Amino acid sequence: MNTNAAILWEQGAPLSVEAAELGGPRAGEVLVELKAAGVCHSDLHPARGEWPVRTPLVLGHEGAGVVREVGEGVKNVRPGDHVVFCWAPPCGVCPPCREGRPVLCDRLERTTYRNRLPAGDTLLSARGQRLAHYNGTACFADFAVVAEEGVIAVPEDVPFEALATLGCAVVTGVGAVLNAARPEAGAKVAVIGVGGVGLNVVQGARLAGCAAIVALDTRNEPLRLAREFGATDTVEASGEKVTERVRGLTGGRGADYVFDTVGSPATLAQALGLARKGGTVVVTGLARLDALASFPLFPFVMQEKRLVGSVYGSGRPSRDVPRLVELYREGKLKLAELVTRTYQLEEVNDALDALAGGEGARGIIRW
Ligand SMILES: [Zn+2]
Ligand SMILES: [Zn+2]
């Protein structure tokens with residue numbers, strides 16, 4: 001079939017929105033008509049050449065739409081179902097899957113992280129060339145074919161705009177708190193970087209009953225949004241005496257849990273400094289592929305700090321996404337408020353520029 005797709009022909013160049021060919025769903029695959037898609041730093045990094053990828057490819061990995069066709073043997077969804085994309089479709093049989101950690105599924109290294117479908121190939125082409133499916137999703141397009149495990153059915157009464165970021169930024173941020181850190185009620189936390197993921201860390205901490213939620217960012221608008229999402233205090237991260245100020249806001253001891261959603265060498269060192277003795281730092285940010293961090297080891301050991309990496313919310317997306325939708329319907333989780341601006345697919349480069357410029361929480365593409 002024909003579809004419009006935002007194609008990255010060359011890293012560093014703008015995406016080109018043009019006609020592409022998309023093969024129909026085969027066994028275990030589904031065809032989804034896109035309704036909304038979030039524009040994420042994980043799209044920006046390959047577009048700008050900060051993460052190496054083989055081009056040409058169709059970007060986009062967080063989104064929502066309607067199932068239009070299912071391949072042979074598909075049981076989880078039917079045509080007409082509203083779905084959220086999951087860019088980490090688990091195989092279900094490898095050791096991490098059997099250990100209950102599907103986001104670490106071994107198959108992802110051969111599929112999602114190589115921008116292929118689980119079948120091992122691509123169904124997209126344009127100008128006579130095969131196009132890779134970014135993160136096995138490629139949802140900056142009118143239609144996408146993904147693995148059956150790459151979609152999660154959701155109730156039809158939730159607006160697509162609210163669903164757009166659920167399968168990536170929301171799962172990642174809320175999961176970093178509820179699955180990776182698991183803070184006790186009354187805990188004091190600090191969140192470095194309150195963009196799309198950081199705002200969801202803030203609302204995850206609120207859901208967990210944290211007593212102090214200190215948001216740090218270098219930009220004013222995200223800090224204002226963080227207060228709306230439940231931050232009890234905000235600190236301008238490039239200001240003076242940041243560590244002392246955060247310590248003052250966390251009972252004089254430092255934070256029990258610090259979340260680094262930026263993931264740069266500088267923010268990791270800062271995060272470790274903000275954690276109290278015995279405190280935990282959870283890193284979700286993936287700034288650059290070649291980033292190497294260094295931090296003082298002596299206090300790290302002497303103060304028994306813990307450093308934890310957290311990918312895609314450290315949970316089970318197929319279980320967590322429906323739970324998050326329930327929380328939204330109960331008014332306990334903000335979703336639509338994450339959307340700062342909407343764009344047409346043809347405006348995808350404007351959305352990427354706005355994200356690079358640090359504008360607000362999330363731009364989304366609407367169909
Ligand atoms: Zn994302
Ligand atoms: Zn697996």
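Hi everyone. Let me start with a spacing: along the chain, the donors of the zinc ion (ligand 2) follow C-x2-C-x2-C-x7-C. Please keep in mind as we go that this is a predicted model.

Who are those donors? For ligand 2, the zinc ion is coordinated by the SG atoms of Cys91, Cys94, Cys97 and Cys105, at 2.3 to 2.4 Å. And which geometry do the angles around the zinc ion (ligand 2) give? The four donor atoms make angles of 103 to 118°, and the site is tetrahedral. For those who like the criterion, four donors count as tetrahedral if all angles lie between 85 and 135 degrees.

Cys91 is in the loop between strand E6 (82-85) and helix H2 (95-98), while Cys105 is in the loop between H2 and strand E7 (124-126), so the pair links distant parts of the chain, 14 residues apart. Their surroundings are worth a glance too. Cys91 is partly exposed, with a relative accessible area of 25%, and Cys105 is buried, at 1%.

On to the other zinc ion, ligand 1. Here the protein donors are Cys40 through SG, His61 through NE2, Glu62 through OE and Cys168 through SG, and they lie 2.1 to 2.4 Å from the metal. Why is the arrangement around the zinc ion (ligand 1) irregular? Because the four donor atoms subtend angles of 87 to 141°, and a tetrahedral site needs all angles between 85 and 135 degrees.

The spacing for ligand 1 reads C-x20-H-E-x105-C.

Leu104 is partly exposed, at 36% relative accessible area. Together with Tyr113 and Val311, Leu104 forms a nonpolar patch on the surface, with about 240 Å² of accessible area in total.

Next, charges. Side chains of opposite charge can pair when their charged atoms come close. How many salt bridges does the count come to? The count is 18 salt bridges. One of them joins Arg107 and Glu149, at 3.8 Å from N to O. Arg107 lies in the loop between H2 and E7 and Glu149 in the loop between strand E9 (143-147) and strand E10 (151-154), so this pair ties together parts that are 42 residues apart in sequence. Arg107 counts as buried at 16% relative accessibility, whereas Glu149 is partly exposed at 30%.

Another salt bridge has Glu161 and Arg366 as partners, their closest N and O atoms being 3.2 Å apart. Glu161 is in helix H3 (residues 160-163) and Arg366 in strand E18 (residues 362-366), 205 residues apart, and the pair links distant parts of the chain. Glu161 is partly exposed at 28%, and Arg366 is partly exposed at 26%.

Two more to finish. Arg319 and Asp320 meet at 2.7 Å, N to O; Arg319 is partly exposed at 31%, and Asp320 is buried at 11%. Lastly, salt bridges link Arg26, Glu29 and Asp121 in a network.

Notes. Residues numbered from 1 in each chain as written. Chains lettered and ligands numbered in written order. Predicted model: local features only at pLDDT ≥ 70, side-chain atom pairs only at ≥ 80, totals over all residues. Heavy atoms only, no water. Donors = N, O, S within 2.8 Å, 3.2 Å for Na, K, Ca; no water. Tetrahedral: all angles 85-135°; square planar, octahedral: opposite > 155°, others 65-115°. Helix = DSSP H or I, 4+ residues; strand = E, 2+ residues; numbered from the N terminus. Buried < 20%, exposed > 50% of the residue type's maximum accessible area, 1.4 Å probe, protein only. Patch = residues over 30% accessible without salt bridge, like charges linked within 9 Å, V, L, I, M, F, W, Y side chains within 5 Å. Areas by Shrake-Rupley, 256 points an atom, 1.4 Å probe, with all protein chains shown as cover. Salt bridge = Lys/Arg side-chain N within 4 Å of Asp/Glu carboxyl O.
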